[in-house]
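Open the model in your viewer and keep the selection tool at hand. Each stop tells you what to select and what is there.

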Amino acid sequence: MTLWPSIDTFVHGTPVPSPEQVNRPMLVMFFNLECAGCVSRGIPFMKRLHAEFGEAVQMLVIHTAHGHRQLPRQDVEPTLVRFAQSFAKLPFPVALDLDGEIAQAWRTEGTPHWLVFGAGGELLRSLYGSQENAQTRLEYLLAELATSS
């Protein structure tokens with residue numbers, strides 16, 4: 001089994017099992033609240049993808065310290081929960097990667113970093129960034145996966 005957030009690290013929404021335990025495609029975004037690209041482009045894009053593909057694709061965001069300041073859980077969780085519930089009103093689960101270990105295990109390059117899994121857990125795409133080119137590539141891939149599942 002791959003390194004994955006444990007149930008107790010989910011701070012918003014229903015915990016998501018690891019990709020190999022999910023019978024539909026999955027999109028995961030590693031992000032950090034201190035990452036301007038994550039908050040201004042990544043999260044809004046993820047919400048748009050959820051509105052379009054949320055029925056066919058399992059979605060999850062993981063707040064990671066990888067590439068950012070490592071803070072204790074009590075300093076991160078309240079702000080993250082407020083962001084997810086009140087500010088961004090996220091329609092998908094949020095997990096914590098406090099020490100960056102999960103992001104490092106998946107060889108993320110920074111934040112935002114996207115992982116796309118096929119049904120059954122095969123990693124299909126690993127993509128860094130939130131610029132238009134990255135968004136277009138993700139959108140086309142999700143459209144393809146959503147229609148084939």
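The expected span of a helix is 1.5 Å times one less than its number of residues. Helices (H or I, at least four residues) and strands (E, at least two) are DSSP runs, numbered from the N terminus. This is a predicted model: local features need pLDDT of at least 70, side-chain atom pairs count only at pLDDT 80 or more, and totals for chains, interfaces and linings use all residues. Residues are numbered from 1 along each chain as its sequence is written, and side-chain values use heavy atoms, leaving out hydrogens and water.

**Stop 1: helix α4**

Select residues 132-148, which form α4. The 17 residues of α4 should span 24 Å at 1.5 Å a residue, and its end C-alpha atoms are 24 Å apart, which agrees. Now colour A134, Q135, L138, L141, L142 and L145, which are buried. Buried means under 20% relative accessible area, exposed over 50%, and partly exposed in between (1.4 Å probe, protein chains only). The arc is that of the directions from the helix axis to the C-beta atoms. An α-helix has 3.6 residues a turn, so residues three or four places apart point the same way.

Turn to the face away from the buried side. It carries the exposed residues E132, N133, Y140, E144, T147 and S148. What do the buried residues of α4 pack against? Show β2, α1, β3, β5 (113-117) and β6 (123-128).

Zoom in on Q135. It counts as buried, at 17% relative accessibility. Not counting residues up to four places away in sequence, Q135 touches R41, F45, R48 and S130. Contact means heavy atoms within 4.5 Å.

**Stop 2: P112**

Select P112, in the loop between α3 (101-105) and β5. Is P112 buried or exposed? At 3% relative accessibility, P112 counts as buried. Beyond its neighbours within four places in sequence, its contacts include M29, F30, C35, L127 and S130.

**Stop 3: helix α2**

Select residues 73-87 for α2. This helix has 15 residues and reaches 20 Å from its first C-alpha to its last, close to the 21 Å expected at 1.5 Å a residue. In α2, V76, L80, V81, F83 and A84 are buried. Seen down the axis of α2, they fall within an arc of 160 degrees, so they line one face of the helix. Q74 and F87 are exposed on the other side of α2. What covers the buried residues of α2 includes β1, β2, α1, β3 and β4. K89 follows α2, and its phi is positive, near 50 degrees.

**Stop 4: the largest pocket**

About 170 Å³ of space lies in the largest pocket. Of the 15 residues that line it, the closest to its centre are N32, E34, H63, L71 and V76. α2 gives the most to this lining, with three residues.

**Last stop: T2**

Select T2, in the segment before β1 (10-12). T2 is partly exposed, with a relative accessible area of 30%. Apart from neighbours within four places in sequence, T2 is in contact with S18, P19, E20 and W106.

Notes
On a 1 Å grid over the protein atoms alone, a cavity is a set of points where a 1.4 Å probe fits but cannot get out, and a pocket is an open set with protein on both sides within 12 Å along at least five of seven lines; lining residues have an atom within 4 Å of a point. Grid points are joined across faces, edges and corners, and a volume is the space filled by probe spheres set on the points.
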